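Let's take a friendly walk through a protein model together. Have a look at the sequence and the picture first, and then read on.

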Amino acid sequence: ALGIFTILNSTELYLGLLFALICISMGLFLFTPLGKKGVKKIIGKYADKFHGFSKTFKELLLHHKDKILINTFITLLRPLGNALLIILIFKAMGLNVSLLYAILINAVTLIVSLVPLTPNGQGIREGVGTFLFSKIGIPLEASVAMYVIILLMNYATGIIGTSYYLSRKKD
């Protein structure tokens, strides 16, 4: 929400903050007894599949704070790394993008790509990212080129990793 409102119209940042606060409040409400009852009603016969989730979640919070801290660190490090890669690719094209915009647009495109319309969100991520980058003055061609470069890098890494794994497995 913060990313969308910051990029599309910076005067509506307060609406983005309010929306984010509402989402966080609703998420926390799900862990109250009333919220649990509501979720059980909504998911109906599948509620038994989630039996023990709350207990496990509390156990994790109480006894595994170090693992949560490591996970949080890695979770924050990934968007930063992706944003730096985006900045580097745009720098190679002679364009400047701020770190904040690269992080925000990367986060928005990640969330949008989770909608299961296409395999791995391909096309959707690039379309939304290109649109958002155009809002901050990046030419459409440069945005598309950046996403193609990242896609090729991901495929190359996947092919190299799979080849290495398969070659090591035979030994």
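A residue is called buried when its relative accessible area is under 20%, exposed when that value is over 50%, and partly exposed in between. Keep this in mind while you read, and remember that the model is predicted.

**A salt bridge**

With the definition in hand, we can turn to a charged pair. Arginine 125 and glutamate 126 are both buried. They form a salt bridge, and their closest N and O atoms are 3.7 Å apart. How many salt bridges does a search of the whole structure find? The search finds one.

**The overall build**

The chain has 171 residues, and 20% of them are buried. Its accessible surface is about 12,700 Å², with 73% of that belonging to carbon and sulfur atoms. Now take the contacts between residues at least 6 apart in sequence: 48% of these join residues at least 24 apart.

**The largest nonpolar core**

This core has 17 residues, and those touching the most other members are Ile86, Phe90, Val97, Ala102, Phe133, Ile138 and Met146. Helices H5, H6, H7 and H8 are the elements that each give two or more residues to the core. Which helix provides the largest share? That is H5, with five residues.

| Helix | Residues |
|---|---|
| H5 | 65-92 |
| H6 | 99-113 |
| H7 | 124-135 |
| H8 | 140-169 |

Let's zoom in on one core member. If we set aside neighbours within four places in sequence, methionine 146 is in contact with Ile86, Ile89, Phe90, Met93 and Phe133.

Asparagine 106 sits in helix H6. Is asparagine 106 buried or exposed? Its relative accessibility is 14%, so it counts as buried. Again leaving out neighbours within four places in sequence, asparagine 106 has contacts with Pro79, Asn82 and Ile86.

Phenylalanine 29 belongs to helix H2, which covers residues 13-29. This phenylalanine counts as partly exposed because its relative accessibility is 41%. Phe29 is also one of the residues in a nonpolar patch on the surface, together with Leu30, Phe31, Leu34, Tyr46, Phe50 and Phe53. Taken together, the patch residues have about 750 Å² of accessible area.

Conventions. Residues are numbered from 1 along each chain as its sequence is written. This is a predicted model: local features need pLDDT of at least 70, side-chain atom pairs count only at pLDDT 80 or more; totals for chains, interfaces and linings use all residues. Side-chain values use heavy atoms; hydrogens and water are left out. Patches are made of residues with over 30% relative accessible area and no salt bridge: like charges are joined within 9 Å, nonpolar side chains (Val, Leu, Ile, Met, Phe, Trp, Tyr) within 5 Å. Accessible areas come from the Shrake-Rupley method with a 1.4 Å probe; for residues, only the protein chains shown count as cover. A salt bridge is a side-chain nitrogen of Lys or Arg within 4 Å of a carboxyl oxygen of Asp or Glu. Helices (H or I, at least four residues) and strands (E, at least two) are DSSP runs, numbered from the N terminus. Buried means under 20% relative accessible area, exposed over 50%, partly exposed in between (1.4 Å probe, protein chains only). A nonpolar core is a set of buried Ala, Val, Leu, Ile, Met, Phe, Trp, Tyr and Cys residues joined through side-chain atoms within 4.5 Å. Contact means heavy atoms within 4.5 Å.
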